[in-house]
Amino acid sequence: MATTEITAEPGSPYIDMTREFDAPRDLVFRAHTEPELLSQWLGPAKYRMTIEEYELRDGGVWRYTHADDEGHVFGFHGVFHGTPSPQRMVQTFEFDGAPGHVSLDALTLEERDGRTIARMHSVYQSLEARDAMIEAGMEGGVREGYERLDALLARLGDRTPATVA
């Protein structure tokens with residue numbers, strides 16, 4: 001089973017994450033950029049994800065919510081910077097519950113022998129903002145989401161390209 005490495009160096013407003021997936025880069029990119037796929041894996045399984053906007057282009061906005069069974073809704077939004085590609089995606093990330101605390105996230109996908117190494121570098125406006133993200137449980141949500149992505153990629157990899165939904 002793949003592991004997710006999450007690093008938050010003391011005194012630095014960054015979080016770095018690395019995860020290897022048993023799937024080609026183009027498929028991992030699709031799972032990150034096609035709303036019908038993204039909503040199947042991003043975040044903890046206990047939440048239902050609704051994608052309200054997803055304009056995959058330079059300057060395009062995105063917005064989604066996670067909802068639990070008790071009716072609590074958690075919203076997130078941002079803007080894409082540069083043209084997203086299988087090599088690199090850059091976007092802002094903001095939680096509705098902490099307005100004004102924006103991170104800048106850069107995702108790179110590197111293919112090696114049919115497998116993909118995903119690296120995310122997140123830059124926060126302050127060390128306090130970075131630490132608040134960690135204290136809010138970001139690590140558990142990322143790990144669970146990536147486990148769900150592993151399962152989705154396995155299902156998608158078993159289909160021919162013409163039948164992948």
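## Helix α4 and its surroundings

The buried residues of helix α4 pack against β1 (4-7), β2 (14-21), α1 (25-33), α2 (35-38) and α3 (127-135), where contact means heavy atoms within 4.5 Å, and where helices (H or I, at least four residues) and strands (E, at least two) are DSSP runs, numbered from the N terminus. This is a predicted model, in which local features need pLDDT of at least 70 and side-chain atom pairs count only at pLDDT 80 or more, while totals for chains, interfaces and linings use all residues. Residues are numbered from 1 along each chain as its sequence is written, and side-chain values use heavy atoms, with hydrogens and water left out.

Helix α4 covers residues 138-157, and its 20 residues should span 28 Å at 1.5 Å a residue, in agreement with the 28 Å between its end C-alpha atoms; the expected span is 1.5 Å times one less than the number of residues. Met138, Gly141, Val142, Gly145, Tyr146, Leu149, Leu152, Leu153 and Leu156 of α4 are buried, a term for residues under 20% relative accessible area, with exposed meaning over 50% and partly exposed in between (1.4 Å probe, protein chains only). Seen down the axis of α4, these buried residues fall within an arc of 125°, so they line one face of the helix; the arc is taken from the directions from the helix axis to the C-beta atoms.

## The nonpolar core

The largest nonpolar core has 32 residues, and those with the most contacts inside it are Phe21, Trp41, Trp62, Leu149, Leu152 and Leu153. Helix α4 gives the most to this core, with 7 residues. Such a core is a set of buried Ala, Val, Leu, Ile, Met, Phe, Trp, Tyr and Cys residues joined through side-chain atoms within 4.5 Å. Leucine 153 touches Phe21, Ala23, Leu27, Val28 and Ala31, not counting residues up to four places away in sequence.

## Aromatic pairs

A search of the whole structure finds 9 aromatic pairs. The rings of tryptophan 41 and tyrosine 146 have their centres 6.0 Å apart and their planes at 25°, so the pair is stacked; rings of Phe, Tyr and Trp (its six-membered ring) pair if their centres lie within 6.5 Å, and planes under 30 degrees apart count as stacked, over 60 as edge-to-face and the rest as tilted. Tryptophan 41 lies in the loop between α2 and β3 and tyrosine 146 in helix α4, so the pair ties together parts that are 105 residues apart in sequence. Both tryptophan 41 and tyrosine 146 are buried.

Tryptophan 62 and tyrosine 64 form a stacked pair, at 5.2 Å centre to centre with 20° between the planes, and both of these residues are buried. Ring pairs link Trp62, Tyr64, Phe76, Phe93 and Phe95 into a cluster.

## Salt bridges

The structure holds 12 salt bridges, each a side-chain nitrogen of Lys or Arg within 4 Å of a carboxyl oxygen of Asp or Glu. In one of them, aspartate 22 pairs with arginine 115, the closest N and O atoms being 3.1 Å apart. This pair links distant parts of the chain, 93 residues apart, with aspartate 22 in the loop between β2 and α1 and arginine 115 in strand β8 (residues 115-123). Aspartate 22 is exposed at 60% relative accessible area, whereas arginine 115 is partly exposed at 29%. Glu20, Asp22 and Arg115 are linked in a network of salt bridges.
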